[in-house]
Amino acid sequence: MSKFYITTPIYYPSGSPHIGTCYTTVACDSIARYKRMQGFDVMFLTGTDEHGLKIEEKAKEKGVTPKEYVDEIVANFKKLWQRMNISYDRYIRTTDDYHVEAIQKIFKRLYDRGYIYKGEYKGKYCTPCESFWTQSQLDENGCCPECHREVTEAKEEAYFFKMSPFADRIEKLLTETDYLRPASRATELVNNFIRPGLEDLCVSRTSFTWGIPVDFDPKHVVYVWIDALFNYCTALGFENGRYDDYDKYWPADVHMVAKDIMRFHAVIWPAMLMALDMPLPKHLAVHGWITFNGHKMSKSMGNVIDPFVLSDRYGADAIRYHILREMALGADSSFSNEIMINRINSDLANGLGNLVSRTVAMVDKYFGGTLPTDRQEGEFDDELISEALSLREKTDEFIENTQINNALAEIFKLVSRANKYIDETAPWVLGKDESKKARLASVLYNLLEVIRIIATLLSAFMPETMPEILEQIGADKEQVSYENAAKFGVLDENVTVHKGRIIFPRIDVDKEINDLNSILVSQQEQKPEPETELAPIAEQIDIDTFAKSDLRVAKVISCEKIKRSKKLLCLHLDDGFGERQVVSGIAQWYQPDDLIGKKVIIVANLAPVKLCGVESNGMICAADAADGSAKVIFPDQSLPCGSKIR
Ligand code: ME8
């Protein structure tokens, strides 16, 4: 039996899993199920990526150990996967002992082969943020791009991985093989990362401890991406005794990821495998992001579209269908409750659900639930049957090329064709005429057969509801198989149907949108204010020192972006005494039009400075927001220009 190995990324256990995380997992699950149906020996792996500074910090904030912190989130991930009927064969946690042991051995092997060497990490260091930055990452004042405080020249001992020996082979992999899907993404990788020269990668850290220690130099922990990428091999037993499937399943047939981590999987991962002379995975399928209101959906906004809420309301299969159908390989897809509900109504309730319930109801009504064996062929049969017979081959090809949305589109073409066949053959007219009963029986049998083929193929994508449909049309277990999905005439001639519940009830769009919106509002009300990392309170001063700062109300008369800077706006203000020019680093968050005409607070007696060559006389007051942005403080707009803040 041929093997098939498919993986999702291992997710960071921070925040709750959301529709974006669901997408990759559901997509891999559908492919895994399809391959199992085709007879492959499938290994489907998912898991969680549990080390790193961020996890260490979050655990500290909550007053728990990092392991306690991740345990709780991992339990929630697993609960969601169960709810979404994810049929993973193995779940890896990078905190599992066997993985830790294997990563230490892998690091050592790379070191022994000369691909990892000890060096010095040099850069600009921001002490409060504990972060190194390159010159080009610094802000326009040469300060830390995160906290905008001064940075110092610093160096730290670190291990590096040599990337350059692999540049040519990686370029060939991306441009001359079908490793990368879609292939069109190769150009950006080659032009942005490979052609300019692959830089050696810093693969150890000494600034935090929540990671896998380098066993021969334990003050270093292994860079989280080495720890993470090798999960695809350690989960099979590579360099550990926990499992013994490496020889059977490696190399992976498909790694599926979103575009944010494409570079790691398309450049760094192959380089590391090449360094160990290991076979390369066959395909990397890269999909876009599910966006919401134009932003990438992420864990911090996870509850906005909570997959638990959606699957409880509409069923896991409806959600699975919607996200799989929406997302084309390589492109982003914007999520909207309205589009989802309309799609469930049109494709599932009106399309497939209606086809099944009408057909079963007619077998009941005209034949008491069991078809007679007298048949009469007629017009439209051949076209319907030949479309049904060619469906499996088309779906196979799309699945082979990881184009799930196209596979579903193809299956639903047959659903529409079958509904059209009902209109063409008008069974309700045939039912009125005793002499046409044989023709009616043929029409209904053809419809049951088409539904059998459709439901068999769809069961990879909608595993909860398709067995119910197959049961309703009277298909026996042994009649439902991949082999039979390319055959016609499989159901018993005198098949008996079993009328059941309406599988995809029509949804009241307006009511549901209102309900979902109120759930959203109540979730936001319940949500505690996000915790911000507050800057420490500064040293005490007396009132006279404060009085030296002259804060005034001023009105923005005009405002424009400073061309050479992404961060700076140049504002002309009326400060009550005349006009003054102030430069402010808020261009990432405000457009000039957001500010023109508004009153703001300025520090009026700051000594002039030049920023990006433009003179600034004063400073606009703004405060740090929870999301890391800055919000300008807008005073009561009736205050006159020049009014003093005291
Ligand atoms: O990057 N739309 O973990 P992660 C579509 N631990 N897919 C999305 C998405 C969205 N809005 N948001 C997340 C990591 N995803 C690393 C991976 S692998 C060796 C290590 C999915 O929790 C998508 O598959 O940030 C993306 O690649 C993955 O979640 C990133 O998950």
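The model is predicted, so local features are taken at pLDDT of at least 70 and side-chain atom pairs at pLDDT 80 or more, while totals for chains, interfaces and linings use all residues. Residue numbers start from 1 along each chain as its sequence is written, and side-chain values use heavy atoms, with hydrogens and water left out.

**Stop 1**

Strands here are DSSP runs of E with at least two residues, helices are runs of H or I with at least four, and both are numbered from the N terminus. Two strands count as paired if DSSP finds at least two bridges between them. Tyrosine 11 stands opposite threonine 48 of E2.

Now colour E2 by accessibility: eight of its eight residues are buried. Buried means under 20% relative accessible area, exposed means over 50%, and partly exposed lies in between (1.4 Å probe, protein chains only). One side of E2 carries Asp41, Met43, Leu45 and Gly47, the other Val42, Phe44, Thr46 and Thr48, and all of these are buried.

**Stop 2: aspartate 41 and its partner**

Stay on aspartate 41 and show lysine 248; their side chains meet in a salt bridge, 3.0 Å from N to O. The pair links distant parts of the chain, with aspartate 41 in strand E2 (residues 41-48) and lysine 248 in helix H9 (residues 246-249), 207 residues apart. A salt bridge is a side-chain nitrogen of Lys or Arg within 4 Å of a carboxyl oxygen of Asp or Glu. Aspartate 41 counts as buried because its relative accessibility is 19%; lysine 248, at 44%, is partly exposed. The structure holds 44 salt bridges.

**Stop 3: arginine 343**

Select arginine 343 and glutamate 326, a salt bridge with its closest N and O atoms 2.8 Å apart. Glutamate 326 lies in helix H12 (residues 316-326) and arginine 343 in helix H13 (residues 337-367), 17 residues apart. Glutamate 326 has a relative accessible area of 23%, so it is partly exposed.

Arginine 343 and aspartate 347 are both in helix H13, four residues apart, or about one turn of the helix. Aspartate 347 is buried, at 14% relative accessibility.

**Stop 4: a salt-bridge network**

Select Glu383, Glu387, Arg417, Lys420 and Glu424 together: salt bridges link these residues in a network.

**Stop 5: a three-stranded sheet**

Show the open sheet of three strands in the order E14-E13-E15, with mixed pairing. Its edge strands are E14 (295-296) and E15 (333-334), each of which pairs on one side only. E13 (residues 290-292) and E15 run parallel and are joined by two bridges. Isoleucine 290 has serine 333 in E15 as its bridge partner.

**Stop 6**

Select leucine 516 in helix H19; its relative accessibility of 6% makes it buried. Then select aspartate 476, in the loop between helix H18 (466-472) and helix H19 (509-526). Aspartate 476 is partly exposed, at 34% relative accessibility.
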